[in-house]
Amino acid sequence: MLDSHFFSYSDGTLCCDEVRLDGLAEQFGTPLYVISRQSLINQFRSFEAAFAGLPHFTCYSVKANFNLSVIRTLVDEGCGCDVNSGGELFRALKAGISPDKIIMAGVGKTEQEIEYGLNSGVLLLKSESVSELKAIDRVAGRLGKKANVAIRINPNVTAETHPYITTGDSKEKFGIDEAELGEVFGLFRTLPNLSLDGLDMHIGSQIFDPEYYVAATQKLLDVLDTARLLGFDIKWFDIGGGFPVTYDPQKPATPIDRFAEKLVPMLDGRGVTVIFEPGRFIAANSSVLLTKVLYRKRNHVGKEFFIVDAGMTELIRPALYQSHHEVISVKRHEDSVTADVVGPVCESSDFFARQRMIDNVREGELLAVLSTGAYAAVMGSNYNGRLRPAEVMVDGGEAKLVRRRETYEQLVQNEV
Ligand code: LLP
């Protein structure tokens with residue numbers, strides 16, 4: 001798993017590509033996100049290869065990792081972007097992507113955000129409610145524009161994943177309910193500034209079983225038939241993201257080809273361009289979080305703690321979703337211990353691993369928390385007055401700083 005993502009041991013020291021991680025910690029300090037540029041490119045290319053048989057357009061879901069250099073790397077490969085807010089649209093544009101390769105989602109876009117999207121000239125605005133469609137029409141009318149819209153359908157398919165990241169179920173806030181579709185199609189007839197160009201869904205994240213995609217795609221294909229019967233010229237068919245990655249070597253992810261084998265025959269020849277919105281699949285294993293062991297302590301019941309200088313402020317996934325992340329030593333050791341790897345934040349949920357066999361590292365040594373390329377830095381916070389870490393991107397033998405470490409002054413700069 002490590003090797004395939006350009007992280008591997010060389011002479012007993014963990015490296016990213018040709019660069020030693022202990023050297024990076026010395027140069028840039030810890031905690032530090034280390035991103036492999038080649039891993040991002042590889043993942044994007046393997047996704048493209050899997051779906052090569054289908055007319056499609058892959059839009060990287062920027063929410064997974066919105067560092068400008070990450071976006072830029074993928075844009076240079078020909079990738080589009082899926083953004084979920086004005087802020088993400090700003091980032092994507094800053095990274096240099098052409099606006100007609102951006103699709104803009106969001107279950108609650110403000111009129112300001114809608115205006116920003118329309119004025120930027122994004123390819124599609126996705127909408128998830130009747131009220132928002134009316135708002136898009138209003139804003140487009142005010143600007144003298146026609147809005148190219150895709151409607152997000154809630155297919156009512158409950159994908160088995162963590163309950164916080166399943167989205168295609170009728171219990172959730174996402175998408176337009178089947179029962180409302182008649183009204184929605186009617187709106188496109190009456191509201192003059194909307195053009196219905198696409199259908200969209202996203203059933204959740206980290207979905208291992210392709211059958212959930214099959215079930216939901218079938219529902220969306222039925223909607224496509226209805227829309228065409230009603231005379232709508234649907235060009236884009238967006239089946240969202242959610243493709244899985246391996247966090248735990250004991251639970252390897254379903255290979256992307258298994259999804260393509262099911263989906264390509266279903267979608268080929270339908271006269272639409274299929275949009276995919278992978279986030280995690282592209283970014284998750286492209287990065288590790290380097291952290292230093294500050295202290296070790298053992299309590300009277302024999303429990304061992306490694307207290308490290310990164311915490312839930314840099315990776316909240318274990319606390320929020322009980323997610324597994326591998327934690328490995330940067331310098332290989334012969335012996336190991338069972339320990340909890342915990343951060344410095346004042347919360348009992350501030351941990352990376354519990355009761356895990358881990359190399360018997362000494363205080364001052366480095367650990368790497370794996371698979372922190374998606375939903376780590378972007379979900380980071382300043383809780384406890386913590387500074388957002390630096391980020392470094394490695395390509396071959398070269399490491400470049402792509403985000404500076406925050407300073408104390410920056411913590412208060414907006415306060416008056
Ligand atoms: N498209 C839409 C509309 C989405 O809401 C998402 C993710 C994606 C695409 C990308 O999904 P992916 O391919 O990355 O699975 N913070 C959670 C994940 C939240 C996902 C939110 N939506 C986590 O750390 O597991």
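Which strand is the place of F7?

1. The place of F7 is in strand β1, in what is a predicted model. With a relative accessibility of 2%, F7 counts as buried, because the limit for that class is under 20%.

2. Strands β1 and β2 pair in the antiparallel sense over 4 bridges, and S10 has T13 in β2 as its bridge partner. Strand β2 (residues 13-16) is joined to β3 by 2 bridges, again in an antiparallel arrangement, with C16 standing opposite V19 in β3.

3. The hairpin formed by β1 and β2 has 2 residues between the strands, and in this hairpin D11 takes a positive phi near 50°.

4. A separate point concerns R356, which is found in strand β17 (residues 351-359). R356 is buried yet has no salt bridge, and the nearest side chain of opposite charge, that of E326, is 4.4 Å away, whereas a salt bridge would call for a distance within 4 Å between a side-chain nitrogen and a carboxyl oxygen. A polar atom of the R356 side chain does, however, lie 2.9 Å from the backbone oxygen of H325. Leaving aside residues up to four places away in sequence, R356 touches H324, H325, E326 and V327, and also V337, T338 and A339.

5. Turning to the ligand, 17 residues surround it, and the closest are S205, E277, R317, Y321 and Y375. For Y321, an N or O atom in the side chain is 2.7 Å from a nitrogen atom of the ligand. A polar side-chain atom of H202 lies 3.5 Å from a nitrogen atom of the ligand, while for K63 a polar side-chain atom lies 3.5 Å from an oxygen atom of the ligand.

Definitions and conventions: Residues are numbered from 1 along each chain as its sequence is written. This is a predicted model: local features need pLDDT of at least 70, side-chain atom pairs count only at pLDDT 80 or more; totals for chains, interfaces and linings use all residues. Side-chain values use heavy atoms; hydrogens and water are left out. Two strands pair if DSSP finds at least two bridges between them. Buried means under 20% relative accessible area, exposed over 50%, partly exposed in between (1.4 Å probe, protein chains only). Lys and Arg count as positive and Asp and Glu as negative; His and the chain ends are not counted. A polar contact is a pair of N or O atoms within 3.5 Å; within protein, one must be able to donate a hydrogen and the other to accept it, and residues adjacent in sequence count only if both atoms are side-chain atoms. Contact means heavy atoms within 4.5 Å. A residue is near a molecule or strand if one of its heavy atoms lies within 4 Å of it.
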